[in-house]
Amino acid sequence: FTNYTFAVVFVLIYIYYILQIVFNNYTPSIKLSIFSLVLGICGGLCNELLTIYNIFFAIFSIIIIYKFRKRVYSCNLVFLISSFVSAVIMFSNSAYSSIAADNDVLGQRRFEVSFSDIYFRLITNLLESYTKPFVLIHFFISVGLFIIHFKSEKNFKYSKLCLFITFVFAS
């Protein structure tokens, strides 16, 4: 899973800047727009799943920033555009078209886009690989969030729901 590592690091860096814009009234500069271009393209070329995630997250971040700051910054639009560009670059490879046309020479790979397939893959792959081996980490994260929630003076609207979901996920 080394190809996930770089893409996740790029997404986490972008999330850091999004949180700065939303909660600390940070006004992004043109340098952040250029950096968002690099984050969007490099993060999108590592893995197919994170390429699609980058597109949805870019749309979500634009909506959130518009809701909180009543404007959209160029760094957010650049990240969205660069995520689309990386998706076009990645999925224009001939390997994807041969898989889609059922002419795959390497095996029995196929595309199936449905909610049930996505849910099945989430349950079978993600939960088996990432949650079961690290039960203590999830427990400590949920305890930490619990402490932060009750020590903080101002909680966001759905913080209790998020805390509940974290506890359910950790158990």
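User: Which hand does the crossing of helix 2 and helix 4 have?

Analyst: The crossing of helix 2 and helix 4 is right-handed. Keep in mind that this is a predicted model.

User: What angle do the axes of helix 2 and helix 4 make, and how close do they come?

Analyst: They cross at roughly 25° and come within 7 Å. Angles under 35 degrees count as roughly parallel, so helix 2 is roughly parallel to helix 4.

User: Which residues meet there?

Analyst: From helix 2, the residues include Leu-32, Ser-33, Ser-36, Leu-37 and Gly-40. Among those they meet in helix 4 are Cys-75, Val-78, Phe-79, Ser-82 and Met-90.

User: How many nonpolar, polar and charged residues are in that contact?

Analyst: Nine nonpolar and eight polar residues, with no charged ones.

User: Take Ser-36 in helix 2. Buried or exposed?

Analyst: Ser-36 is buried, because its relative accessible area is 1% and the cut-off for buried is under 20%.

User: What does Ser-36 touch?

Analyst: Leaving out residues up to four places away in sequence, Ser-36 touches Tyr-14, Cys-75, Val-78, Phe-79 and Ser-82.

User: Switching to helix 3. How many residues does it have, and what does it reach from first C-alpha to last?

Analyst: Helix 3 covers residues 48–69, which is 22 residues, and reaches 31 Å. That is close to the 32 Å expected at 1.5 Å a residue.

User: Which of its residues are buried?

Analyst: The buried residues of helix 3 include Leu-50, Asn-54, Phe-57, Ser-61, Ile-65 and Arg-69.

User: And what covers them?

Analyst: The cover includes helix 1 (2–23), helix 2 and helix 4.

Notes. Residues are numbered from 1 along each chain as its sequence is written. This is a predicted model: local features need pLDDT of at least 70, side-chain atom pairs count only at pLDDT 80 or more; totals for chains, interfaces and linings use all residues. Side-chain values use heavy atoms; hydrogens and water are left out. Axes are lines fitted to C-alpha atoms, for helices over the stretch in contact, and angles run from 0 to 180 degrees between N-to-C directions. Helices (H or I, at least four residues) and strands (E, at least two) are DSSP runs, numbered from the N terminus. Angles under 35 degrees count as roughly parallel, over 145 as roughly antiparallel, 65 to 115 as roughly perpendicular and the rest as oblique. A crossing is left-handed if the near helix is turned anticlockwise from the far one by less than a right angle, and right-handed if clockwise. Contact means heavy atoms within 4.5 Å. Ala, Val, Leu, Ile, Met, Phe, Trp, Tyr, Cys and Pro count as nonpolar, Asp, Glu, Lys and Arg as charged, and the others, Gly among them, as polar. The expected span of a helix is 1.5 Å times one less than its number of residues. Buried means under 20% relative accessible area, exposed over 50%, partly exposed in between (1.4 Å probe, protein chains only).
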